[in-house]
Amino acid sequence: MNWFTDTLSTSIGKKLMMALTGLGFIGFLAAHLAGNLTLYMGQEAFNSYAEHLHSTGPLLKVAEFGLLLLAIIHVATGLTLFYQNWRSRPVRYSVNKSAGGRTIGSSTMPYTGILVLLFVILHLANFHFVDKSGTTIWHIVTDTFNSGGYIFIYIVAMIVVAIHVSHGLWSAFQTLGVSHVKYTPLIWGFSVAFAVIVGVGFGLIPIFISISV
Ligand code: HEM
């Protein structure tokens, strides 16, 4: 456990931890989006996908526990960096100044991060910690998106998630040393393209459901 606390005690160690846990979330988002695309195929496809997922039993529990651990480390380290940065102004979190320059994403990371956390808490209350007896996950999702308020919240949240992911992915590449002048546009383009796919892929779901169901 010593290596873990030692790593977290240095600034570069914290950035490394942010990058690795952030990439874990990126992987989760890609898998979650792929699964949620079955929503566009209708009730049967989505319920069958959810049943398959839940039939993995203990595996799913392990994945959920891993996700929770990633979240705790990512949020706690992010908040610590934010606090240290705030205390030592005008010296800023140096990764933000790297080759990508300052963008909306880089300058708002702590704020979009807190909003994503608030969204995830609401989201879990909507779809995860609900009574699933006598209903299906399709009905839980479609009932939620029957409300104009939730449609609005989810669309705004997906824009915030996309902004956070666009800079987070780029920044993780920089921290892990995947950077070269020649490949900068490629890495930046990939980060933005991934963020747009996540934002549009998730963001259209509430709209699609509200007009088609
Ligand atoms: C319109 C967009 C989204 C829809 C319709 C959606 C749908 C769902 C559903 C139905 C579940 C419950 C699965 C179950 O327990 O059977 C779920 C779980 C979850 N979602 Fe989403 N999701 C969306 C976007 C997001 C985003 C953007 C994030 C992250 C920023 C996210 C994070 C999570 C997490 C962490 C879980 C819990 C996973 C687990 O414990 O199994 N979701 N989502």
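This is a short tour of the structure, stop by stop.

**Before you start**

The model is predicted: local features need pLDDT of at least 70, side-chain atom pairs count only at pLDDT 80 or more, and totals for chains, interfaces and linings use all residues. Residues are numbered from 1 along each chain as its sequence is written.

**Stop 1: the whole chain**

Show everything as a cartoon. The protein has nine helices and zero strands. Helices (H or I, at least four residues) and strands (E, at least two) are DSSP runs, numbered from the N terminus. From that end, the elements read α-α-α-α-α-α-α-α-α.

Switch to the C-alpha trace. Along its principal axes it spans about 55 × 35 × 30 Å.

Now colour by burial. A residue is buried if 20 or more other C-beta atoms lie within 10 Å of its own, exposed if 12 or fewer, and partly exposed in between, with C-beta atoms placed from the backbone. Buried residues make up 23% of the 213 residues.

Look at contacts too. Two residues are in contact if their C-beta atoms, placed from the backbone, lie within 7 Å. Of the contacts with a separation of 6 or more, 76% join residues 24 or more positions apart.

**Stop 2: helix 1**

Select Phe4. It lies in helix 1 (residues 2-9). Phe4 is exposed, because it has 11 other C-beta atoms within 10 Å. Phe4 and Met17 are 13 residues apart in sequence and 9.4 Å apart in space, C-alpha to C-alpha.

**Stop 3: helix 2 against helix 9**

Select residues 11-36 for helix 2 and residues 184-212 for helix 9. Two packed helices are described by the angle between their axes and the distance between the axes. Here the axes come within 10 Å and cross at roughly 40°. Axes are lines fitted to C-alpha atoms, for helices over the stretch in contact, and angles run from 0 to 180 degrees between N-to-C directions.

Helix 2 and helix 9 are therefore oblique to each other. Angles under 35 degrees count as roughly parallel, over 145 as roughly antiparallel, 65 to 115 as roughly perpendicular and the rest as oblique.

Show the side chains. Leu29, Leu33 and Asn36 in helix 2 meet Val198, Gly201, Phe202 and Ile205 in helix 9. By class, this contact has five nonpolar, two polar and no charged residues. Ala, Val, Leu, Ile, Met, Phe, Trp, Tyr, Cys and Pro count as nonpolar, Asp, Glu, Lys and Arg as charged, and the others, Gly among them, as polar.

**Stop 4: helix 3**

Select Asn47, in helix 3 (residues 43-54). Asn47 is partly exposed, with 15 other C-beta atoms within 10 Å. Beyond its neighbours within four places in sequence, Asn47 is in contact with Thr136, Ile137 and Trp138. Asp131 is 84 residues from Asn47 in sequence and 16 Å away in space, C-alpha to C-alpha.

**Stop 5: helix 8 against helix 9**

Select residues 148-175, helix 8, and keep helix 9 on screen. Their axes come within 8 Å and cross at roughly 165°. That makes helix 8 roughly antiparallel to helix 9. The residues of this contact divide into 21 nonpolar, five polar and no charged.

End on Ser171, in helix 8. Ser171 is buried, with 23 other C-beta atoms within 10 Å. Ser171 and Ser106 are 65 residues apart in sequence and 8.5 Å apart in space, C-alpha to C-alpha.
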